[in-house]
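Have the sequence and the coordinates open as you read.

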Amino acid sequence: MTIPLQPAGPPRSDDGEQISFYEAVGGAATFTALVDRFYEGVADDELLRPMYPEEDLSGAKHRLATFLMQFWGGPKTYGAERGHPRLRMRHAPFPVSPAARDAWLRHMRTAVDSLELPPLHEQTLWDYLERAAHSLVNTYDGGPAPAAGQDVPDRLN
């Protein structure tokens with residue numbers, strides 16, 4: 001079986017117009033489904049759930065969904081509401097250990113798989129999510145996160 005090669009470059013619509021990744025994967029509906037499925041797992045996760053103070057997770061869902069939509073070329077709602085993402089700074093107060101990262105990735109993997117995206121889109125999204133999760137580790141074995149203004153230990157960078 002021969003798989004036809006597609007030219008590299010940004011996603012294109014059926015008529016050949018360049019579109020954003022956000023549009024290519026289905027827009028707001030896709031990212032909302034991703035985030036809803038992800039937080040279904042987080043809601044019952046003993047390690048992650050304590051990091052989310054809101055009882056119904058609605059604020060966290062909104063922040064993650066709007067961030068991902070904006071990052072992938074959708075509406076700029078996240079920036080209008082919260083400014084620059086500053087992911088490391090915003091996550092600094094939380095003890096993001098390798099175990100927390102792995103739990104986050106496990107729930108996100110389930111959520112990504114539930115979307116049934118075409119392989120190239122799935123891999124593009126997953127690569128970003130995986131790198132982002134690794135970049136936010138700020139403690140080791142569940143110890144306290146570094147205090148504000150302290151550097152993250154080199155072993156965790």
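Predicted model: local features only at pLDDT ≥ 70, side-chain atom pairs only at ≥ 80, totals over all residues.

## The core

Start with the largest nonpolar core, which has 36 residues. Phe 31, Tyr 52, Leu 68, Met 108 and Leu 125 have the most contacts inside it. At least two core residues come from each of helix H1 (21–24), helix H2 (28–43), helix H3 (58–71), helix H6 (98–115) and helix H7 (119–135). The top contributor is H6, with eight residues.

For a look at one spot, pick Leu 68. Setting aside neighbours within four places in sequence, Leu 68 is in contact with Phe 31, Leu 34, Val 35, Tyr 128 and Leu 129.

## Helix H6

H6 has 18 residues and spans 26 Å from its first C-alpha to its last, close to the 26 Å expected at 1.5 Å a residue. Its buried residues include Ala 100, Trp 104, Met 108 and Leu 115, and also Arg 101 and His 107. H2, H3 and H7 are among what covers the buried residues of H6. Just after the helix, Glu 116 takes a positive phi of about 55°.

## The largest pocket

What is the volume of the largest pocket? About 670 Å³. Its lining has 26 residues, and Tyr 39, Tyr 52, His 91, Trp 104 and Leu 136 lie nearest the centre. H3, helix H4 (77–82), helix H5 (87–91), H6 and H7 each give two or more residues to the lining, and H3 gives the most, with five.

How values were computed. Residues numbered from 1 in each chain as written. Heavy atoms only, no water. Core = buried A, V, L, I, M, F, W, Y, C linked by side-chain atoms within 4.5 Å. Buried < 20%, exposed > 50% of the residue type's maximum accessible area, 1.4 Å probe, protein only. Helix = DSSP H or I, 4+ residues; strand = E, 2+ residues; numbered from the N terminus. Contact = heavy atoms within 4.5 Å. 1 Å grid on protein atoms, 1.4 Å probe; cavity = no way out; pocket = protein on both sides within 12 Å on 5 of 7 lines; lining within 4 Å. Points joined across faces, edges and corners; volume = space filled by probe spheres on them. Expected span 1.5 Å × (residues − 1).
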